[in-house]
Amino acid sequence: IAVILLTPILLARLLFMVKNKNVLVLFPGILELLILTILKSIFRINIYYDAFTSFYLTIVEDRKLIKKNSFTAKILIRLDRMTVKLSDVQIFETKEMKDYYSQNLKLQVFNYCIIKSSREINSPIPAISSSNFREITFWGSFEAMHGLDYIIDAAEILSDRSEIRFNLIGNGPYKKYIQESVIKRKLNNVVFFDFLTKDLNKEDN
């Protein structure tokens, strides 16, 4: 049913694409990739895929909903590989995510680009007085591709700035590694929290 409903919409949009021949497919986008691959030679389009995350990484390694060596896990790996093979360019938000695809999925050669968010653009640290306490907070899943290593590097660089503290909120497979890194570097400006409970009021959050 989804194929029947989606195909006419894609066809209509492709017909009106006179100058722009680049198509962006957002995650998860498996169905769109399959249809566009069939139509690719007809409309001469380039497919850009937004690799927001990996199916295998999210479901198997992070959330641990499926065992690693199970049949379903192998299907998820094939889905990840398929997104690379069916698209012309993979779009990643971090270098870590790109490296995960290269190393864990054994895809050493493929076209990609890394589009960083504005918060990752380097800028000089403004000088602030000791009376102006600053808290830098990460809230999310502890995963390698979320750039947590860079946060710890920043905390180490700013370790002599007593007015700056880093709050890391959440859980995940990468949390233990980050905690050990903080202990090894003897950082006192990094504080860990678990996810806040759902029964807290908005004011408490």
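Mentor: Tyr-56, Leu-57 and Glu-61 in α3 are in contact with Met-97, Tyr-100 and Asn-104 in α5. This is a predicted model, so every value here is computed from predicted coordinates. The axes of α3 and α5 are 11 Å apart, and the packing angle is about 80 degrees. Angles from 65 to 115 degrees count as roughly perpendicular, and α3 and α5 are therefore roughly perpendicular to each other.

Helix α5 covers residues 95–104, and its buried residues are Met-97, Lys-98, Asp-99, Tyr-100, Tyr-101 and Ser-102.

Tyr-101 deserves a separate word. Its ring forms an aromatic pair with Phe-92, 5.2 Å centre to centre, with 65 degrees between the planes. Planes over 60 degrees apart count as edge-to-face, so the pair is given that label. Buried means under 20% relative accessible area. Phe-92 has 1% relative accessibility and so counts as buried; Tyr-101, also at 1%, counts as buried too. The pair is part of a total of seven aromatic pairs found in the whole structure. Elsewhere, ring pairs join Phe-27, Phe-52 and Phe-55 into a cluster. A ring can also have a charge over it: the charged end of Lys-175 sits over the ring of Phe-142, 5.5 Å from its centre.

After α5 comes Lys-106, with a positive phi near 55 degrees. Lys-186 likewise has a positive phi, of about 55 degrees, and is not a glycine. Most residues other than glycine have a negative phi, and most peptide bonds are trans. Lys-186 lies in the loop between α7 and β7 (190–193), and its 72% relative accessibility means that Lys-186 counts as exposed. As for the peptide bonds, the one joining Phe-27 and Pro-28 is cis, with omega about 5 degrees. Pro-28 belongs to the loop between β1 (22–25) and α2 (30–43), while Phe-27 is a member of the ring cluster already described.

Helix α6 (residues 148–157) and helix α7 (residues 175–184) pack with their axes 11 Å apart, at an angle of about 15 degrees. That angle makes α6 roughly parallel to α7. The crossing of α6 past α7 is right-handed. On the α6 side the contacts involve Leu-148, Asp-149 and Ile-152; on the α7 side they involve Tyr-177, Ile-178, Ser-181 and Val-182.

Between α6 and β6 (164–169) there is a loop that holds Ser-162. With 65% relative accessibility, Ser-162 counts as exposed. The C-alpha atom of Ser-162 is 7.6 Å from that of Asn-189, although 27 residues separate the two along the chain.

For the chain as a whole, the secondary structure comes to seven helices and seven strands. Their order from the N terminus is α-β-α-β-α-α-β-α-β-β-α-β-α-β. Of the 205 residues, 37% are buried. Among contacts with a separation of 6 or more, 65% are between residues 24 or more positions apart.

Terms used: Residues are numbered from 1 along each chain as its sequence is written. This is a predicted model: local features need pLDDT of at least 70, side-chain atom pairs count only at pLDDT 80 or more; totals for chains, interfaces and linings use all residues. Side-chain values use heavy atoms; hydrogens and water are left out. Rings of Phe, Tyr and Trp (its six-membered ring) pair if their centres lie within 6.5 Å; planes under 30 degrees apart count as stacked, over 60 as edge-to-face and the rest as tilted. Buried means under 20% relative accessible area, exposed over 50%, partly exposed in between (1.4 Å probe, protein chains only). A charge sits over a ring if NZ of Lys or CZ of Arg is within 6 Å of the ring centre and within 35 degrees of the ring normal. Axes are lines fitted to C-alpha atoms, for helices over the stretch in contact, and angles run from 0 to 180 degrees between N-to-C directions. Helices (H or I, at least four residues) and strands (E, at least two) are DSSP runs, numbered from the N terminus. Angles under 35 degrees count as roughly parallel, over 145 as roughly antiparallel, 65 to 115 as roughly perpendicular and the rest as oblique. A crossing is left-handed if the near helix is turned anticlockwise from the far one by less than a right angle, and right-handed if clockwise. Contact means heavy atoms within 4.5 Å.
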